[in-house]
Protein chains: 2
Amino acid sequence: MGEFDLIRRHFQHALHPAGVALGNGDDCALLAPAPGMHLAVSTDMLVEGRHFLSTVHPEALGHKALAVNLSDLAAMGAEPLAFTLALSLPRADDAWLAAFSRGLLGLADAHGCALVGGDTTGGPLNICITVFGQVPEHQALRRSAAQVGDDIYISGQVGDARLALEVFRGTQHLSADDFAAVRLRMERPTPRIALGLALRGVAHAAADVSDGLLGDLGHILTASGVGADIHTRWIPDSIAVSAILQSTGADFCTEYALAGGDDYELVFTAPPQARAAVQAAAAQAGTGVTHIGTVSAATGLRVLDAQGQPLRKLPASFDHFAG
Amino acid sequence: MGEFDLIRRHFQHALHPAGVALGNGDDCALLAPAPGMHLAVSTDMLVEGRHFLSTVHPEALGHKALAVNLSDLAAMGAEPLAFTLALSLPRADDAWLAAFSRGLLGLADAHGCALVGGDTTGGPLNICITVFGQVPEHQALRRSAAQVGDDIYISGQVGDARLALEVFRGTQHLSADDFAAVRLRMERPTPRIALGLALRGVAHAAADVSDGLLGDLGHILTASGVGADIHTRWIPDSIAVSAILQSTGADFCTEYALAGGDDYELVFTAPPQARAAVQAAAAQAGTGVTHIGTVSAATGLRVLDAQGQPLRKLPASFDHFAG
């Protein structure tokens, strides 16, 4: 048995959902979406130093590699079905692989998402996952479906992952407890699958926040041909972010929440008459959502400060670790 | 517009087959296989120095990156539908990207295979493609379906790509014309899509030859719980391979044809009563196929030389450029 056969043994996955007609071990896997279902597909490639730090625990990395892909399914309102994993590794480190696969397959099991194929090769560390989900025809939450007058919502809180990164970089300092909390948000993000499913038929447009709230909301606005007004003081702060930024007086909103990135929350729009339905969906999913602004006919994105004045200069979206 | 937006412009693809409900530009693409069809999925990751030489022309690389994935669809008897591309690049070189995308999208167009999503990032050169095809339920050519008494076939010729690699390495020498021919086979392999489709309902089991004939046939035998006898003198030589190996007296069969790899031909089995149907399928596809052996109840793989004697030592499958 070769080195790469040994590696593959770490990724044996017994999960076999109804929509998987043939799993790993042939030239192709065979997927069988249920009748009336479209197959939602997304792919993400993670590279050391750009998408994760070399200090990350491999179990957290395995979790995150799948989480960022599941987050794309959540943003379409799709139910996870399966994924493929292509992995380039500088060497076969058994302990690393055991931890990585534990994090990866643990999250896969939690979402009933089967590993149905892959590829393993030698080379610089690179993780490429392609994920498959099911969504009923005409119920996918598309970026292009925002309408003038829609409320704009964000799930959970944004900015924590960027704060954790800044602590790693030494530009911010946190108590051990606060650092642990934001580090968890950076290294083990929670894909908002349950919320995405609950928002089917309720929300108009949705996107996941990977590059930063303003950037990803911007994708919705561009695709829908509309604009928006966002109120910074409506955006919810996490406890850790509030604490550090009140003590330093730095302007949290213009940097970490608006453009920090790596949040994997959902930004979405829904008509005002759906407010009760949105909150019911949030309660069903167990994920808080906050109304942060309004879709407008006037194109462009206006971010209003606590005094209702538009910010003159918007922070640029954070391009992972390159910014 | 950022560097990576500029990169993405090279990969705009207008192709929109019926099975693609939503292409590029949202969190996910949406695929809609026709009723009664399974979706065949395969993923391959290509790394410089392992799967291709740094000397390869980027147009050929774009072609090959998709070809090796289409080859997996061919081996299942699946019709190409769509693919995603994840690309890690050390720098944004406009001329390189223009040539790479020309090779990639040229082959995609030839097979009606739409680029429906992807990811672009900075990092060491790495190309990860996930490909999607359609195959009618219960008609996929699975590795596990070989039956005792089946004929074993190989399409085209095997060994050329390995010979080209050895010329690059300086261990073999060829005339300019012969080198051009085998280099084309190494750098621009032809996925046997038409043959795979024509073999639906005719062949029992199939696999594509990426790691070497013996290794990939071995996958069929293991999955089917059977063995095989292969006759080396039945294996067709290409003109270039015949010429060089006759002049040097080296034993072609035990090395390049049996275990060279990177061939992207189909090895498949079919019952003896289907011989006319196999040849009709080959004629329809415009791809020659050759009967090279027989599936046996006795497990294990026996390779018989020109005198009908089993080779004592079989060459190991060639693990890309690592061997």
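**Figure 1. H38(A) sits in strand 3 of chain A, residues 37-47.** Helices (H or I, at least four residues) and strands (E, at least two) are DSSP runs, numbered from the N terminus. The model is predicted: local features need pLDDT of at least 70, side-chain atom pairs count only at pLDDT 80 or more, and totals for chains, interfaces and linings use all residues; side-chain values use heavy atoms, with hydrogens and water left out. Residues are numbered from 1 along each chain as its sequence is written, while chains are lettered from A and ligands numbered from 1 in the order in which they are written. H38(A) is buried, at 10% relative accessibility. Buried means under 20% relative accessible area, exposed over 50%, partly exposed in between (1.4 Å probe, protein chains only). Not counting residues up to four places away in sequence, H38(A) touches G133(A), Q134(A), V135(A) and E137(A), plus A21(B), L30(B), L31(B) and A32(B). Contact means heavy atoms within 4.5 Å.

**Figure 2. Chain A and chain B each give 51 residues to their contact.** The buried area is about 3900 Å², with 61% from carbon and sulfur atoms. Buried area is the accessible area (1.4 Å probe) that two parts lose on being put together, summed over both. On the chain B side, D27(B), L30(B) and M45(B) lose the most area to chain A, together 17% of what that side buries. The interface holds 18 residue pairs in polar contact, both residues at pLDDT 80 or more. A polar contact is a pair of N or O atoms within 3.5 Å; within protein, one must be able to donate a hydrogen and the other to accept it, and residues adjacent in sequence count only if both atoms are side-chain atoms. Strand 3 of chain B supplies the largest share of the side that touches chain A, 9 residues.

**Figure 3. R143(A) and D27(B) form a salt bridge, 3.1 Å from N to O.** R143(A) lies in the loop between strand 6 (126-136) and strand 7 (151-155) of chain A, and D27(B) in the loop between strand 1 and strand 2 of chain B, so the pair joins two chains. Both residues are buried. A salt bridge is a side-chain nitrogen of Lys or Arg within 4 Å of a carboxyl oxygen of Asp or Glu. R143(B) pairs with D27(A), the closest N and O atoms also being 3.1 Å apart. The rule finds 4 salt bridges across the interface.

**Figure 4. R185(A) and E265(A) form a salt bridge, with closest N and O atoms 3.1 Å apart.** The pair links distant parts of the chain, 80 residues apart: R185(A) is in helix 5 (residues 176-187), E265(A) in the loop between helix 9 (252-259) and strand 10 (266-270). R185(A) is buried at 19%, and E265(A) is buried at 0%. Shared partners join D160(A), R185(A), R192(A) and E265(A) into one salt-bridge network.

**Figure 5. C128(A) has its closest cysteine sulfur in C128(B), 3.1 Å away.** That is too far for a bond. A disulfide is a pair of cysteine sulfur atoms within 2.5 Å. C128(A) is buried at 1% relative accessibility. For C113(A), the closest cysteine sulfur is in C28(B), 11 Å away and too far for a bond. C113(A) is buried at 0%. The whole structure has 0 disulfides over all chains.
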